[in-house]
Amino acid sequence: MIESLFSHYTYVLVFVLLGLGIYMVIASKNLVKKLIGVNLFQTAIFLFFISMAYIDAEDASAPIVPKDGVPLKVMVASPLPQVIVLTAIVVGIALTAVGLALIIRIYAEYGTLREDTLREVRADE
Amino acid sequence: MSSVDLLLPLLIAVPILAATLPIALGLWVDRTGWPVAALTTSALFAGAIALASVVSTRGEAVTHTLGDYPRTYGIELVADQFSILIVLLVTAVATGVLVYTRQGGPRGNTFYTAYLLLTAGLLGISLTGDVFNLFVFLEITSLATYALVASGDGPEAAVASLKYLILGTIAASMYLIGVAFVFMATGTLNMLELAEAIPGAESQTLLHTGVAFIVVGFAVKVAQWPLHTWQPSAYQQAPDGVTPLIAALVSTASAYAFGRLLVTVFGVEYLTAMPNAAAVVLTIGCVSVLAGTILAVIQTEVKRMLAYSSVSQFGLVIAAYGVVIAGSSETAFIGAAIHLVGHGLVKAGLFLGVALVARSYDARTVDEYAGLAKSRPIVAGAIAVLLLSLVGVPPGVGFVGKWYIALGAVQSELWPVAAVIFLSTMLTLAYAARLLEKMYFTPPARADPLHAPAPVATDGGNAGSDESDAEPTRDEPGAAIAAIRGDRSAAPVSTGMVAIVVLAAIGAVALGFSGGTIAELLDPFLTKVIN
């Protein structure tokens, strides 16, 4: 158990990061920090994809390198997850942009970024 | 081999490209958005019909491989009998809602850009055959939806939209984690290849984890209790012209995607063998059905009431998926498909009707609907037909969907599910009847010129003696009431707006009669995925 945790330490880190991200979304009162939490959550997923892309295989090779030229016992990165992460990063940026635009509008209207203050202000209206 | 498969990428690419036109042309000409959107969605609808006729006559799926990459790592677009139903619904509703927005707004070129992007995303969800591509289209759809919700008047819309954004992003990310686990176990992202690889995959733990994440992600996206919290405020705060589109299509497309993953990717047999899978899906569905209906009954705002009603109706669909898994029931799956399409059409019509009433009659709460049948007989009639169809009164489409789902539950001997469906019908009647009673049997209690324009909850019971006062309004509806109430929000209503609501009502009934046709259409698909 302990050994497998050490050999797969990237996965452990990724899931710690996931937890941190979702904790920020839930616990932080600040809307911007919530959005940062969402970003952290997404980044953890990107890292998850990247870290599983390494295939410890003897007969595998990166598509651009001819198979004969590869010495045995190397880690080969499958390009597919990398492409996925690239796409997902773009999606994440778009989401952050829209989220920040909404937060700017909320701040302009209510003059606060804190969730609890926002609730009070809205209840008063 | 004809070039009919080119329709698939065109259905997705054309709206995305057309989405740039309103902004680009808007630099020179004002008001280009509506014509561009109308032209595009009509073309899409025509394309969808052409595709549907090919798929139904050929009896097998039309596929297109993007860029001719092998499907193991390329992206494949697939139109089969199940997806074509959703494509037809999406294009039809997107075209229909435009009839309302021409006068009803929101206006502006950027609105139509978001509108077309949303349509593209929804068509992408329906047509893609790749699980990661599905994530991208889910996010395109969500992004456009956030923008559309936020375009509502007032700052509340921005708050609702941000709430939706945070929850929606987390949900989509959950789905992405699920995809990551599945990819780790199988090494492919294509739905059909996954279907082959999953049963024999080495690490079943990875797959089970993946299924768990996917179920949670979609439970948020489809707005299942208790993860539905984004949905009512988003529906309520969105502009009146946007709510029909969002309510009818966004969650429907997500629910479709969930069904697709369950039956095509994981396969019924595999999920049946998986411990607790059926129980979890059934529980999510049944609890949502009950919670959604009860929450709907206690709402006073009509839009919010209908939003909670969506929670329960999608609960029915998810419960039907549960029945499919638990009992390998083809009947329940047909029910889920019919209910998806039927609910989409009914909700689009209802929200259009509600928008119309809010515009011309300035009524937003259930109490304010009093006497609607007298001053707006056509709209009230259409809303009544749609409501009854939602409840499940034959021959409305709601009845057919529920009938198949309940039949499937009974055949699979899942008595609690059958009981929940029956109970939910009674409760649906409770909130539908409340609105019907206000519209038809409570005279308008607003002949008082001093009546404040602010939405004060008027007690219908006291107005019983106002029958004589209410009479004159029959001759000059709408305008007279608007003049009496002295409010400025009563705006003219075009014939097209009324016609589209009536059309939705007729469609809901017509679809009720075509349940057998849909079942026949789905038959080849079902024989492939079940058994």
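Chain A puts 26 residues into its contact with chain B, and chain B answers with 22 residues; two residues are in contact if their C-beta atoms, placed from the backbone, lie within 7 Å. On the chain A side, helices H2 (9-27), H3 (31-52) and H4 (79-110) each supply at least two residues. H4(A) brings the largest share, 15 residues. By class, that side of chain A has 20 nonpolar, three polar and three charged residues. Here Ala, Val, Leu, Ile, Met, Phe, Trp, Tyr, Cys and Pro count as nonpolar, Asp, Glu, Lys and Arg as charged, and the others, Gly among them, as polar.

A quick word on ground rules: this is a predicted model, where local features need pLDDT of at least 70, side-chain atom pairs count only at pLDDT 80 or more, and totals for chains, interfaces and linings use all residues. Residues are numbered from 1 along each chain as its sequence is written, while chains are lettered from A and ligands numbered from 1 in the order in which they are written.

Now to H3(A). Helices (H or I, at least four residues) and strands (E, at least two) are DSSP runs, numbered from the N terminus. H3(A) has 22 residues and spans 32 Å from its first C-alpha to its last, close to the 32 Å expected at 1.5 Å a residue, the expected span being 1.5 Å times one less than the number of residues. Its buried residues include Leu31(A), Phe41(A) and Phe49(A); buried takes 20 or more other C-beta atoms within 10 Å of a residue's own, with C-beta atoms placed from the backbone. The buried residues of H3(A) pack against H2, H4 and helix H5 (115-124) of chain A, together with helix H6 (156-186) of chain B.

Chain B also has some strand. E1 (residues 62-65) and E2 (residues 76-79) of chain B pair in the antiparallel sense over four bridges; pairing takes at least two DSSP bridges between two strands. Thr63(B) has Val78(B) as its bridge partner in E2(B). Glu76(B) and Val78(B) point one way from E2(B), Leu77(B) and Ala79(B) the other, and all are buried.

How confident is the predictor? The model scores ipTM 0.87 and pTM 0.86. Per residue, pLDDT is the predictor's confidence, from 0 to 100.

| Part of chain B | pLDDT |
|---|---|
| Chain B | average 81 |
| H5(B), residues 131-150 | highest element mean, 91 |
| H19(B), residues 467-470 | lowest element mean, 39 |
| Residues 447-489 | under 50 throughout |

Where pLDDT is low, the predicted coordinates should not be read in detail.

Notes:
Buried ≥ 20, exposed ≤ 12 C-beta atoms within 10 Å, placed from the backbone.
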